[in-house]
Structure formats: C-alpha cells, structure tokens
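Subject: Structure for you to look at

Hello,

Here is the structure I promised to pass on. Please open it beside this email and follow along.

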Amino acid sequence: NLAVHPDAQRHGIGGLLLGRAEQEARDAGLEVVRLYTNAWMHENLAYYARRGFRETSRTGDTGHDRVFLEKRLA
C-alpha cells in the first residue's frame, strides 16, 4: 500500500516510495510490479500511468471498483 499524507504530496515522496518498491522487486528477481487503486481515484490512475504502469483489468468488489495495473521492470 502506498499513501502520502495530503500535506506532504507534490514533494516527490510518492515517487521515492514507488521507486523503492520497484528496486526491492528487482532485487528479489521479479520482473513485474502490480498494484490496484479505486476506479474513482482519477489522480492515482494518472499518477501511475505517468510512471509507466498499464491497466490490466477492473473489478467491482463489495462496493469498491478496483483498477489493477502493472509495470514491467527493466
């Protein structure tokens, strides 16, 4: 789970956290990072797209519309 307090957003913290998660995945020998977010979180969808994530599927689950994304690691 990745979250940055609203008061701390737009200072690069999310990018650092996401970069760390990607590096941990590479170090573990993984080729893909996967995540999901709520479909109503349009800012999140744009944020992840800018960082190379692609949507893979959508589901509705107990009142939550989830968007699943993945990024292939270099």
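Glu22 sits in helix α1. Keep in mind that this is a predicted model. Is Glu22 buried or exposed? Its relative accessible area is 8%. The cut-off for buried is under 20%, so Glu22 counts as buried.

What does Glu22 touch? Leaving out residues up to four places away in sequence, Glu22 touches Val33, Phe53, Lys71 and Leu73. With Lys71 there is also a polar contact, side chain to side chain, at 3.1 Å.

Now follow Val33. Again leaving out residues up to four places away in sequence, Val33 touches Glu22, Ala25, Phe53, Leu69, Glu70, Lys71 and Leu73.

**The core**

Nonpolar side chains tend to be buried together in soluble globular proteins. Here the largest nonpolar core has 12 residues. Val33 is one of them. Which element supplies the largest share? Helix α2 does, with three residues.

**The sheet**

Strands of a sheet pair through backbone hydrogen bonds, either parallel or antiparallel. This sheet is open and has three strands, in the order β1-β3-β2, with antiparallel pairing. On average, neighbouring strands are turned by 20° against each other, direction ignored.

Look at one pairing more carefully. β1 and β3 (residues 64-72) are joined in the antiparallel sense over seven bridges. Find Val32 there: its bridge partner in β3 is Arg72. Helix α2 (residues 42-50) packs on the sheet. This helix touches β1, β2 and β3, and its direction makes about 160° with that of β1.

**The charged pairs**

Side chains of opposite charge can pair when their charged atoms come close. How many salt bridges are there? The count is six. Here are some to find on your screen.

- Glu24 and Arg20: their closest N and O atoms are 2.9 Å apart. The two lie four residues apart in helix α1, so about one helical turn separates them. Glu24 is partly exposed at 41% relative accessibility. Arg20 is exposed, at 55%.
- Glu70 and Arg54: this salt bridge spans 3.9 Å, N to O. The pair links distant parts of the chain, with Glu70 in strand β3 and Arg54 in strand β2, 16 residues apart. Glu70 is buried, at 11% relative accessibility. Arg54 is exposed, with a relative accessible area of 53%.
- Arg58 and Glu55: the closest N and O atoms of this salt bridge are 2.7 Å apart. Glu55 is partly exposed, with a relative accessible area of 42%.

Last, back to where we started.

Best wishes

How values were computed:
Residues numbered from 1 in each chain as written. Predicted model: local features only at pLDDT ≥ 70, side-chain atom pairs only at ≥ 80, totals over all residues. Heavy atoms only, no water. Pairing = 2+ DSSP bridges. Axes fitted to C-alpha atoms, helices over the stretch in contact; angles between N-to-C directions. Contact = heavy atoms within 4.5 Å. Core = buried A, V, L, I, M, F, W, Y, C linked by side-chain atoms within 4.5 Å. Buried < 20%, exposed > 50% of the residue type's maximum accessible area, 1.4 Å probe, protein only. Polar contact = N/O pair within 3.5 Å; in protein donor to acceptor, adjacent residues only side chain to side chain. Salt bridge = Lys/Arg side-chain N within 4 Å of Asp/Glu carboxyl O.
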